[in-house]
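Please take a moment to look over the sequence and the structure shown here before reading on. The briefing then turns to charged side-chain pairs and to some backbone angles.

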Amino acid sequence: MTSHTETATQQSNEQKLESVYSSVSEAYQGTGADIYALCREMRQNSPVWEGDFIGKFGVPTNAGMKMQTRKTVAVFKYQDVLNVLKDPTNYTNGFIAEGLGAVFDGLIILAMDGQQHRNVRAMLQPAFMPETVNKWKPALDRIMREEFIAPLVADKKADLAGFGLNFPIRAIYAVMGFPEDKETYRQYATWGLAILGANIIDPTKIDEARRQAGIALKGLYDSIKGVVQQRRAEGATGDDLISRLIRAEYEGRKLDDHEVTTFVRSLLPAATETTTRTFSAVMTMLLTKPELMARLMADRSLLNKIIDETVRFEPVSTFKVREAANDMEIGGVKIEKGSFVQCMVASANRDETVFENPDVFDVDRRQKPSFGFGFGAHMCIGQFVAKVEIVCAVNAVLDLLPNLRVDPTQAPPVIEGAMLRGAKNIHVIWD
């Protein structure tokens, strides 16, 4: 039986998690301008633009406050974005160590370049490949259904945004090998989001955001290290990520507890948040397009295509930033060494020279690479995990909540944000 104190603690931790998530969303909301319309205009008139295009929206980038200190160029065409993202020699990520990466005070794969990045990627990649991820699918499916959706069935209505926030956290923490305790993983998730919040650019909020991030970094580090030490003592024989990292070799040697802990800590913030927002976008497409929902109910094999088209049409990350490692030129525009290059994913994914009717959501379109999960050397290492989680989540929702539809007494879900796009609420009812 759950005590009043335990219930109050659960509610408090859930509210903290939702509050921090909302704060991160707010930081990346931007001015409310239509990013797709502005990108379309730039694609047609200034496909390579000298200036800080992201600055128009007032949202942070991985460069943090460094963004305002360098010459900046934005690229909008599919081919130009592709060429930059697939060339890690001339367009690098090391600057992130001084921006977002600075708060991690340790190893962060996103900020690595060259051989170091290749070594770390090779070490981590096997844990995130389909053959490994598919082994986790039965457990993930059980978590979605038994822990999250089944308790909702009798209510006949819900805001699925709550489910969308919690299930990726619960799932990835199980995959990584953390204890299966709701309050523990909610605390870890709150810390992870607080770290993302440190990338804020509002000068009136930056000091407090950095202070909170410092607290979160230490709390997360200490908690993860305890799990790492326990897993090592047990022999680290499992398929979970922590055990795999303990067994792995980096630059010809085994990782120590500090390195395993720091790697895991750097992966956590993005491992859940992107999945949350992508799930919200997929559900928004299904709930606001009855014909799409009907097709999926008749043929669940369409779900992977729906996810891929959602990632193209409504990417969570609307841009990627790189630094020019050499003097370069794109579309006749000279780019000096050290300049920032803003790769506008939101534009490239709707480039009319590559995608027919790009502003139409079309699950039947011929699949071509889009950049919602990045591209090239730094393509999202956890994309297969995210897709499996979303497949399990959507199927659980559709199987257990019959005749799912938008709650007519509430506003329908809307995907918004200049960056980290997603739907704030997903109010639904069912029979």
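What follows is a short briefing, grouped by topic.

The model is predicted, and its side chains form 26 salt bridges. Among them are a pair between R277 and E273, a pair between R295 and D364, and a pair between D399 and R300.

- R277 and E273 form a salt bridge in which the closest N and O atoms are 2.6 Å apart.

**A salt bridge between distant parts of the chain**

- R295 pairs with D364 in a salt bridge whose closest N and O atoms lie 2.9 Å apart.
- This pair links distant parts of the chain, since R295 sits in helix α12 (residues 290-298) while D364 sits in the loop between α14 (345-348) and α15 (383-400), 69 residues apart.
- R295 has a relative accessible area of 35% and is therefore partly exposed, as this value falls between the limits of 20% and 50%.
- D364, with a relative accessible area of 47%, is likewise partly exposed.

**A salt bridge that belongs to a network**

- D399 forms a salt bridge with R300, and the closest N and O atoms of this pair are 3.0 Å apart.
- Because D399 lies in helix α15 and R300 in the loop between α12 and α13 (303-313), the pair ties together parts that are 99 residues apart in sequence.
- D399 counts as partly exposed at 40% relative accessibility, and R300 is also partly exposed, with a relative accessible area of 26%.
- The residues D399 and R300 are linked with D141 and R145 in a network of salt bridges.

- Most residues other than glycine have a negative phi.
- At 45% relative accessibility, N403 counts as partly exposed.

Definitions and conventions: Residues are numbered from 1 along each chain as its sequence is written. This is a predicted model: local features need pLDDT of at least 70, side-chain atom pairs count only at pLDDT 80 or more; totals for chains, interfaces and linings use all residues. Side-chain values use heavy atoms; hydrogens and water are left out. A salt bridge is a side-chain nitrogen of Lys or Arg within 4 Å of a carboxyl oxygen of Asp or Glu. Helices (H or I, at least four residues) and strands (E, at least two) are DSSP runs, numbered from the N terminus. Buried means under 20% relative accessible area, exposed over 50%, partly exposed in between (1.4 Å probe, protein chains only).
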